[in-house]
Amino acid sequence: MVHTVWAILPPIVTIILALTTKEVYMSLFTGIFFGAFMYSQYSILGSIATTFQIMNDKIGGNVYILMFMIILGIFVAAVNKSGASEAYGEWATKAIKGRRMAMFVTMLLGIIIFIDDYFNCLTVGTVMRPVTDKFHISRAKLAYLIDATAAPICILAPISSWAAAVSSSLPQGSGIDGFSLFLQTIPVNLYALFTLVFMVFLNWTGKDFSKMKQLEEKNINELVINKSVDDSATIPVGNGKIIDLLLPLIALIIACTFGIMYTGGILEGATIQESFANSEASRGLVIGSFMGLVFTFIFYIPRKILTFSEFCQCYVDGFKAMVPGMLILSLAWTLSGICSKDYLDLGGYVATLVSGSTIIATLLPVFFFLVAVGLSFATGTSWGTFGILIPIIIAITGESNMALLTITVAAVLSGAVAGDHLSPISDTTIMSSTGAQCNHLDHVATQLPYGLIIITCSVIGYVVAGITSVGLMGTLAGFISLLIVMVIIYQYKLS
C-alpha cells in the first residue's frame, strides 16, 4: 500500500464522508484510521498506535500555529468584550453604504494583510464579521471572501511567508535564483489572479449562484446569520471605542510582521528580503501575536476599558472559540501525516508517476497544473505540493529552457493554491471557516463551484501558454475565457 495508487484512498474516504455525512470531525478521524489500518498491514492495534503516533508528531511540530490561534482567540475575545468591535460595527454601518461596499472593504483588508495566510484568515474575519452581519451577508460569503484573499494573495506577494517557501523548494545546486523565479511566475499564476478578478465581479454584480445564492437569499430574506459557534461568550461589557479596536489591530499587524522578520535575522543584519526568505513564519506569528496581546492588555487595563478579571476571562473565552478550528486542524495535520513519505507516501507515488511521464513539452504546464490541483486537494497542503513537484519540473525541463520552466512552475504554484483553496482539509479553508465563524462544510460547498470555474479557465490558459511558450499569452487566453463566463453569469439567472 505504501508508495502506490492506494495511498490516495485515505483523503478520498475523508472527503466523500465529509460531503455526504456533513460530520467533518468523524470523517477526518475515519480517513486517518483507514490510512493507518492500511499502513499497519490491517492490524487494529497497530492502526491505533500509528494514528496517535502521527498525531503526536504533527501537533508537536505545529504547536506554534496552535498557540498563535489561541493567542489570537484571546485577542479577539478581549476586543469583543471591550465593546470596541460593536462600536466599530455601529460606525461601519453608517460609513459603509450597503452590502457591496461591505464586501469590497472585506476584500481590500484581505489584500492588505498579505504577509501570511493564517494571520489573514483570522484577522479579517475578526474585524469584518460585525460589519457583514449588520448587512446580512452570510457567514459563507464572508468565509469565501476571506479564503479568496488568503492563499491567492500570499502566493502573489513577493514579501510573504509563501514566497520564502517557494524559493526554498528549489533543489540545492540547481543554479536558479528562487526569489527571481518566483517574481517571474506572478503574471502567469492564473488561479490566484483569476480568483481576485472573479471575486471583484461577484461583489460588484451580486450574481451569486449554486448553494451560495441560496444561503445569501436566506440570510437577506429571513435575516439570519449562519453560525457555528456561540458568540455569547464575548458579549461586550466594556466601554471601548473604535480606537480600542484599531490601535490593538495595528499593533498586532506590526508586531507579527516584525516577528516574522525577527525569525529571519532582521536584527542580525539581514535585509528585509532575506529576513522574509529565511523566516519561520509560524514562530514569528506567535511572537508577534503575544506582543500584540501584551500591548492590548497595557492599552485596556489602565484606562479601565476592561477590568483585570474581565481580561483574564478572555483567556477562557478565546480558547473556547478556537477549539473547533484547532481540532479540525489537528486532524487534518494527522491525515496529511499518514499520506506523507514516512507512511503511505502519496507524494512519492505522484512524483514517480509524473517523472516517468513522456508527455510532450507543450502540455507540461497544464499537466502539472492538474497534478498539483489533485495532490493539493487530496493532502490539503499547497506548500507540500510545490515542494514535491518543483524539483521534478527542474529535472524534466532543465535550466536551458527558462520560459517553459517559469510557466510550468507557475502552473504548479497555481494548481497548489487551487487544490488548497477548495480542499475541506486545508489549513486555510479551515481557518477561513473559523475566522468567519461559518459552518465548515457550508464554506466548502459554497466555494467549490466558484473555484471549479477558475480552474477551468486556468486550464485553458496553461494549454495556450504551453503551445505558445509565452506565459502572457496564456494569461490573456485564460482571462478571455473567464470574461466569457462572467458575461454568461451576468446575463442568465443561475440557480
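Modeller: This is a predicted model. The axes of helix H19 (residues 364-379) and helix H21 (residues 402-422) come within 7 Å and cross at roughly 25°.

Biologist: Why is H19 called roughly parallel to H21?

Modeller: Their crossing angle is roughly 25°, and angles under 35 degrees count as roughly parallel, so H19 is roughly parallel to H21. The crossing of H19 past H21 is right-handed.

Biologist: Which residues of H19 and H21 make the contact?

Modeller: H19 contributes Leu364, Pro365, Phe368, Phe369, Ala372, Val373, Ser376 and Phe377. From H21, the contact residues include Leu404, Ile407, Ala411, Gly415 and Asp420. By type, the residues of the H19 contact with H21 are 14 nonpolar, 5 polar and 1 charged.

Biologist: And how does H12 pack with H21?

Modeller: Helix H12 (residues 190-205) packs with H21 at an angle of about 55°, and their axes are 7 Å apart. That angle makes H12 oblique to H21. Leu190, Tyr191, Ala192 and Thr195 of H12 meet Ser414, Val417, Ala418, His421 and Leu422 of H21.

Biologist: How many residues of that H12 contact with H21 are nonpolar, polar or charged?

Modeller: The contact of H12 with H21 has 6 nonpolar, 3 polar and no charged residues.

Biologist: Turning to the core, which residues have the most contacts inside the largest nonpolar one?

Modeller: Tyr144, Phe198 and Tyr300 do, in a core of 137 residues. Helix H4 (residues 63-82) supplies the largest share of this core, 13 residues.

Biologist: What does Tyr144 touch?

Modeller: Leaving aside residues up to four places away in sequence, Tyr144 touches Phe198, Met199, Leu202, Met212, His443, Gln447 and Tyr450.

Key: Residues are numbered from 1 along each chain as its sequence is written. This is a predicted model: local features need pLDDT of at least 70, side-chain atom pairs count only at pLDDT 80 or more; totals for chains, interfaces and linings use all residues. Side-chain values use heavy atoms; hydrogens and water are left out. A nonpolar core is a set of buried Ala, Val, Leu, Ile, Met, Phe, Trp, Tyr and Cys residues joined through side-chain atoms within 4.5 Å. Buried means under 20% relative accessible area, exposed over 50%, partly exposed in between (1.4 Å probe, protein chains only). Helices (H or I, at least four residues) and strands (E, at least two) are DSSP runs, numbered from the N terminus. Contact means heavy atoms within 4.5 Å. Axes are lines fitted to C-alpha atoms, for helices over the stretch in contact, and angles run from 0 to 180 degrees between N-to-C directions. Angles under 35 degrees count as roughly parallel, over 145 as roughly antiparallel, 65 to 115 as roughly perpendicular and the rest as oblique. A crossing is left-handed if the near helix is turned anticlockwise from the far one by less than a right angle, and right-handed if clockwise. Ala, Val, Leu, Ile, Met, Phe, Trp, Tyr, Cys and Pro count as nonpolar, Asp, Glu, Lys and Arg as charged, and the others, Gly among them, as polar.
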